Amino acid sequence: MKKIRVLYVEAAYGFGGSLTGLLNLFQHLPNHIEAILLTPFDAWAQAERPPALEYKRVNVPIVEPVEGGHWLPGVVRYYQKQHQPWKIVTRQAIEEFKPDVVHTNNSLTINFSSGIAANKRGIPCISHQKDFEYEGKFTRWMARNSPFDLHLGTSRENSKQLIKLGVPAEKCHSIYEPVVGPNQEQLERRRSRILSPIPVVAMHSMVIRWKGQHVFLRAVAEVLRRGNHPIQPVIAGSPPAGEQRYLDELKTLAVELGIADRVQFVGHQRDVYGYLAGVDIAVHASITPEPFGRVVPEAMLMEIGGIVSSGGGPAEYIRHGETGLESPRGDVQALADAIETLVASPDKRLQMGIAARQYAINAFDPDRLSKEISNYYEEILDR
């Protein structure tokens, strides 16, 4: 089969679910796909580099368009500090690596510049939507004037928003992220904790405000205040480079809530399933809709009964009361109630965990999803 060289542009803040998804994809791509990765951060500070992967780090900061206020200053800032730099480095990477396809991996507003660079050189390009967009005039203009041959939403809600913004429905498809699951030893370690006397209630994600770790801490404090059940709260993850302030705020909040001696901050966990083997209840507490929410499938694959915030991707694949519990975003009391429900019922956690794993094995199967994505490459090349 003819080789297809794909340039993956990962213009994220730092290591997180988007890059993890790409690394899982790289492990399972068909042999005829040759991957090249472009990032603005050190991709290997928190992960192992795949041996066959070509890689280039570029010096481009991530600048989000300004939300609210007059649109013009935000557009000018975006054009100068993001659009032009990313267009230039993508063009240079195309000249250096000579890809057949460019696959961008963030929001439309971030992907747009690389799509323009690919489009001007006649290279088919995909925008893999891994965020929800600010629904302003500028974003709508981008959607109507998309340079991409194809848009892939990382959840159905993701795709629905793109179509609402103006992307033609025939150019928009939904596909969940491939998630490589735990090995048998990790899974057995996790199963041995079903009857743990003090359940570990934990979050694992990038430490950034919209992920909602502050909501989690307040809910934990409420559970401990009620005194009905003992728990061991844990926060795993690290902030993006240069964004230490929120983590400091969380530690201060733990002191103010009187739970600093109860909460463990354990930092980034490179071996995510090794970490989850010691978790009884996994909490997803995002305060804005999560486009996909990789941490949720990871917990599902480890047979962990979990709690997710309402809306976005996780609400599509968590069936409330069957594969997990759903809690209204930002509602501290509701999250505390959900935690208590699962702490009080180990049998319920077990049943939910088993059902969640059965669902996740198929829904996030990396072999199947990687093959589907490679089929998209062949489809747009055939056009």
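**Terms and their grounds**

Author: The second largest pocket has a volume of about 290 Å³, where a volume is the space filled by probe spheres set on grid points joined across faces, edges and corners. The model is a predicted one, in which local features need pLDDT of at least 70 and side-chain atom pairs count only at pLDDT 80 or more, while totals for chains, interfaces and linings use all residues. Residues are numbered from 1 along each chain as its sequence is written, and side-chain values use heavy atoms, with hydrogens and water left out.

Reader: What makes a space a pocket, and what makes it a cavity?

Author: Lining residues have an atom within 4 Å of a point. By this criterion 18 residues line the second largest pocket, and Tyr13, Gly14, Phe15, Phe41 and Ala241 lie nearest its centre. The lining comprises 13 nonpolar, three polar and two charged residues; here Ala, Val, Leu, Ile, Met, Phe, Trp, Tyr, Cys and Pro count as nonpolar, Asp, Glu, Lys and Arg as charged, and the others, Gly among them, as polar.

Reader: How many cavities of 30 Å³ or more does the whole structure contain, and what lines the largest cavity?

Author: The search finds three. The largest cavity holds about 120 Å³ of space, and of its 17 lining residues Ala282, Val296, Ala299, Gly306 and Ile307 are the closest to its centre. Helix H10 (295-301) gives the most to this lining, with four residues. The lining divides into twelve nonpolar, five polar and no charged residues. The second largest cavity holds about 50 Å³, and its lining has four nonpolar, four polar and two charged residues.

Reader: Why are E10 and E13 placed at the edges of their sheet?

Author: The open sheet has six strands in the order E10-E9-E8-E11-E12-E13, with parallel pairing. Strand E10 (264-267) and strand E13 (325-327) each have a single partner strand, so one side of each is left without a neighbour in the sheet.

Reader: Why is strand E2 called mostly covered?

Author: A residue is buried under 20% relative accessible area, exposed over 50% and partly exposed in between (1.4 Å probe, protein chains only). Six of the seven residues of E2 (residues 33-39) are buried. In E9, four of five residues are buried.

Reader: What makes a crossover right-handed?

Author: With the strands pointing away from the viewer, the path from the first strand over the helix to the second must run clockwise. The unit of E1, helix H1 (residues 17-28) and E2 is right-handed, as is the unit of E9, helix H8 (residues 245-256) and E10.

Methods
Two strands pair if DSSP finds at least two bridges between them. Helices (H or I, at least four residues) and strands (E, at least two) are DSSP runs, numbered from the N terminus. On a 1 Å grid over the protein atoms alone, a cavity is a set of points where a 1.4 Å probe fits but cannot get out, and a pocket is an open set with protein on both sides within 12 Å along at least five of seven lines; lining residues have an atom within 4 Å of a point.
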